[in-house]
Amino acid sequence: MRVPRLAAAAAGWFGLTVALAAAAPGPGIAGSVAARPAATGPAGYSVRANSVGALADVAVRPGVQHVGRVQASPPTTADCEKLYKVACYRPAQIQQAYDLPSLYASGVTGRGRTIVIVDSFGSPTIRNDLAVFDQAFGLPAPPKFTIIQPAGAVPRYNPNNSDMIGWASETTLDVEYAHAIAPGASILLAETPVSETEGVHGFPQIIKAEQYVVQHHLGDVISQSFSATEQTFPSQAAVQALRGAYQLAASNHVTVLAASGDSGAADLELDGNTYYPFPVTSWPDSDPLVTAVGGTQLHVTAPGKAAAPTVWNDTYNRAANEFAVGNAGPNPLAGGGGRSALFGRPGYQNGVKNVTGGHRGVPDISMSGACNGSADTYGSYGGAPAGWSPACGTSVSTPLFAGIVALAAQVAGHPLGPVNPALYRLAAAHARGIVDVTKGDSTVSFTQDGQRHTVRGFTAGPGYDLASGVGTVNAAYFVRELASVAGR
């Protein structure tokens with residue numbers, strides 16, 4: 001999950017997401033950027049209209065915390081509720097919540113498909129950590145686990161480098177939970193040799209890595225757990241220069257996902273420490289060629305049955321704040337979403353224009369991401385305590401949905417390409433696999449410059465909304481529905 005830099009330094013933990021820099025595209029699912037009015041907001045806030053050279057101001061970094069919530073064995077839900085006063089879940093509980101066991105029983109495991117994870121630096125222990133994770137939870141090893149560095153050799157891991165530690169924890173979560181949902185799919189981890197101190201100069205390397213993956217037909221779905229507030233981007237023209245990988249992916253029938261962020265209706269300013277005091281969205285999740293994955297909170301009962309999910313918002317949950325950030329809060333801890341300041345409404349959202357207006361709306365769909373409902377992960381990379389730790393944020397949601405897409409691609413027998421048109425068609429048809437999320441909101445509060453700020457977000461309700469998108473999924477139906485509709 002993504003948090004202000006100062007808070008992350010003061011706390012530290014295994015909740016994950018990654019901060020990047022960027023902006024957004026226009027009508028239809030084609031690739032051009034539709035120029036929207038400069039971002040709305042008080043006091044002259046707007047997208048910075050200056051040269052591409054200003055990209056050096058925008059940092060590429062993971063927003064990971066490490067507060068020492070580490071155990072020698074995987075914590076149960078009861079363990080987490082006793083120790084941290086928040087729930088945590090094991091893979092089997094999450095699989096059950098999305099009704100996945102029936103698919104596995106019929107042979108739908110992601111077999112023959114490949115999930116691509118893109119992370120800076122990667123983790124030096126990820127092969128071992130995934131093996132420990134699989135053994136603990138009775139999961140098979142992926143048929144193939146490949147690590148490539150197509151944008152250049154990654155520097156030697158330094159356990160004293162907080163940037164590398166953060167990306168290692170992000171990599172751990174991404175790989176383990178994409179695999180947990182699609183245990184029969186292969187995993188391709190594309191590592192890039194970027195550093196926080198290089199700012200957005202590392203972003204072109206990420207684009208280069210993704211282009212390499214697409215050009216060489218190495219995967220079916222790309223999972224990205226990074227984003228940056230649209231207002232931190234220098235110009236709309238600069239975005240177009242960075243969208244090549246998504247345009248290439250669309251033309252090659254590769255699905256691209258991105259996390260919608262973990263700050264609710266707010267998000268971080270350029271300094272990475274302070275929040276915009278009005279609603280904003282982030283990129284690349286706001287790109288019409290990308291599926292924006294928001295966050296929900298699972299409510300799993302003792303027997304393992306899941307009650308109706310709600311929008312993830314732990315902002316006002318003291319225990320979740322103490323667990324994730326290290327103070328009583330409130331801190332912005334909620335799934336991101338809203339109306340893009342850079343992209344016009346794509347054609348597939350015409351049916352929800354009463355919600356989005358003339359803008360691209362995010363998220364498109366949501367999966368489990370709440371801190372009060374974290375996912376157990378295992379890591380042993382240097383610079384952080386080795387062991388089991390719960391993780392939360394849309395960095396959980398995104399690899400979960402990547403696994404769902406891999407399952408659907410297996411059923412279809414081919415990659416699905418951009419899935420947003422299919423999501424909105426299924427929602428409009430009231431498909432059984434789309435589970436409407438009708439409770440919760442993305443309003444957040446925080447103290448900044450000695451003042452308490454509240455950024456009013458968006459409320460979930462029947463149908464599409466800017467808190468949960470079209471909702472979440474019942475995979476037993478959704479996987480086959482998506483397979484039959486996507487790409488048509």
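A228 has its bridge partner in strand β10, and that partner is W283. This is a predicted model, so take what follows as a description of that model. Here's a quick tour, from that strand pair to a helix pair and then the protein overall.

**The strand pair**
- A228 sits in strand β8, which covers residues 226-229.
- Across from β8 is β10, a strand made of residues 282-283.
- The two strands run antiparallel to each other and are joined over two bridges.
- Along β8 the residues split by direction: F226 and A228 point one way, while S227 and T229 point the other way.
- Whichever way they point, all four of these β8 residues are buried.

**The helix pair**
- Helix α6 (residues 162-181) packs against helix α12 (residues 394-412) at an angle of about 35°.
- The axes of α6 and α12 lie 8 Å apart, and the crossing is right-handed.
- On the α6 side, the residues that meet α12 are E170, L173, D174, Y177, A178 and I181.
- Over on α12, they meet S395, V396, P399, L400, G403, I404 and L407.
- Sort this contact by class and you get nine nonpolar, two polar and two charged residues.

**The whole protein**
- The protein has 488 residues, and 65% of them are buried.
- Take the contacts with a separation of 6 or more: 80% of them link residues 24 or more positions apart.
- The accessible surface is about 15900 Å², and carbon and sulfur atoms account for 52% of that.

Terms used. Residues are numbered from 1 along each chain as its sequence is written. This is a predicted model: local features need pLDDT of at least 70, side-chain atom pairs count only at pLDDT 80 or more; totals for chains, interfaces and linings use all residues. Side-chain values use heavy atoms; hydrogens and water are left out. Buried means under 20% relative accessible area, exposed over 50%, partly exposed in between (1.4 Å probe, protein chains only). Helices (H or I, at least four residues) and strands (E, at least two) are DSSP runs, numbered from the N terminus. Two strands pair if DSSP finds at least two bridges between them. Axes are lines fitted to C-alpha atoms, for helices over the stretch in contact, and angles run from 0 to 180 degrees between N-to-C directions. A crossing is left-handed if the near helix is turned anticlockwise from the far one by less than a right angle, and right-handed if clockwise. Contact means heavy atoms within 4.5 Å. Ala, Val, Leu, Ile, Met, Phe, Trp, Tyr, Cys and Pro count as nonpolar, Asp, Glu, Lys and Arg as charged, and the others, Gly among them, as polar. Accessible areas come from the Shrake-Rupley method with a 1.4 Å probe; for residues, only the protein chains shown count as cover.
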